[in-house]
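Trainee: I have a model open on my screen. Could you walk me through how to read it?

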Amino acid sequence: MNKEEEMKEVELNEMDQEKQPMTAETPTGTEKNGCVKVKVPEDTEVKFTGLSKEELMKVAGTPGWVRTRWVLLALFWLGWVGMLAGAIVIIVQAPRCKPIPEMNWWNEGPLYQISNVNEFSDHGLKGVDEKLDYLNQMKVKGIILGPIHTVQADQTSTLELTSINPEFGTESDLQTLLDRAHRKGMSIVLNLTPNYGNVGISAWFNKAASVTEQLKEACIYWLDKGVDGIFLSDLNHIAKTEAWTSIQAIFNKTDETKKKALMGSVTDLYVDEVSLLLNRTSVDLLLTGLPDPGEPGIMQANVIQKLYASHPQTSLGWSLSGQILGSLASRSPSVPVRLYHTLLFTLPGTPVFSAGDEVGLKKEEKLQAMWDLESQADGANATAKGDHIAVHFFFKALSDLKAKERALLHGEYVSLNSSATSLAYLRLWDQSERFLVAMNWGSDSVYMTLVNEDLPAEGRVRATTNAESLPLDSMVSVKKLQLGPKQAVLLSYPYAG
């Protein structure tokens, strides 16, 4: 028997022994079979160990996989280049956004004139300070204050442009007002019209040249105190003097972070005279008293178009009220004051209102009535207060739109329609929401056929003087628009490309 056969026999013998029952001697000498507990492993899943590195390298090097990798790489780069080219085409073909025009603080919302500080509040300058929150709620950007300087009517010798009349307060009161107004984002413009005690006499004592030196000193003095601008009534008188160039130079300094404004007003001038004055004086803002509400709509449209076409709208101030003109509601009592609100807020330029215009106070009504609107009232008084509250709500709604809509803030003006008693125009800015303004101050209904390539079929009502016939947020026909008597409406529609 060879060695290999011997080994197999040994292994078989060992296996036979393992199969034998176990016996053991007991204390009594008898033997007892035992059992062996054998643990049989359960079936387990076969784990996939994958290919080894050598096997992967061998497979990856085959011609088929090499071609596949090159195809996938080429597809990736082709896709990437295609997406890049598509993005470039979209950017090139996309319409360019117009750059926002340069604007100053007086172009960002309405200005508010307080000609008589004591009539506005019982506490003079301190009272104006107390009403800043009221003005801020209406999005007022600047207050044209006074005049508040010391002077006796028609007496040049009593003029002190750097001294505040004690009836209105002190310089400390004005400084406090300036600080609080600035914290609320409002600016203060000081009216330095010399002779304001008697509106029947010349505001410049019939000789503007006699006060020019004092005026220059006052401008420098108050601007250094933090006042944001100077306002001059009857600007055409002072602008004729030799000192006007040196007055302008005070406001042309560029070292200020916030521009100081030189503003003025004129009345009873034709539109061509106003345009000439704007060119000659280069004031930052001019209030013209135009368009005249008593003129036909065709003439009003011509006035607006001439001023808009000849001058930047940043210098156009629209005001139909004041010490000389009277309150806005009294200019044409038969026409609702909300119609004039609609006009002033939507013209290209800065709307300027006098205290009381926001609630529609008439000439015979005192400014104190504004502060009584929340009190209880009965009968006719309650009706009047309800009307004032409704006018105030309308005013604030328009001011909100003016502040946030680019088309109304600095958009283009496009005349659409004008007649003896009606007017319609567009305000457009780039790709922003468009606005259509239409008004009828006549006693009969009007039907306007409006034609412009930008006009859609319908527009949404954003403001209306008659919510019964044209409810807010309703959709109305734009190209054939019907307006009732003494009605105004502001419609909007989206940019269509």
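Mentor: Let's start with a helix pair. Two packed helices are described by the angle between their axes and the distance between the axes. Here helix α8 (residues 212-224) packs with helix α10 (residues 244-251) at about 5°, the axes being 10 Å apart. Axes are lines fitted to C-alpha atoms, for helices over the stretch in contact, with angles from 0 to 180 degrees between N-to-C directions; helices are DSSP runs (H or I, at least four residues), numbered from the N terminus. The angle makes α8 roughly parallel to α10 (under 35 degrees).

Mentor: This is a predicted model, where local features need pLDDT of at least 70 and side-chain atom pairs count only at pLDDT 80 or more, while totals for chains, interfaces and linings use all residues. Residues are numbered from 1 along each chain as its sequence is written, and side-chain values use heavy atoms, with hydrogens and water left out.

Trainee: Which residues in α8 meet α10?

Mentor: Leu215, Lys216, Cys219, Ile220 and Leu223 in α8 meet Ser246, Ile247, Ile250 and Phe251 in α10, contact meaning heavy atoms within 4.5 Å.

Trainee: And how many salt bridges does a search of the whole structure find?

Mentor: Eleven salt bridges turn up, each a side-chain nitrogen of Lys or Arg within 4 Å of a carboxyl oxygen of Asp or Glu. One of them joins Asp129 and Arg180, with the closest N and O atoms 2.2 Å apart. Asp129 sits in helix α5 (residues 124-130) and Arg180 in helix α7 (residues 171-183), so the pair ties together parts 51 residues apart in sequence.

How values were computed
Helices (H or I, at least four residues) and strands (E, at least two) are DSSP runs, numbered from the N terminus. Angles under 35 degrees count as roughly parallel, over 145 as roughly antiparallel, 65 to 115 as roughly perpendicular and the rest as oblique.
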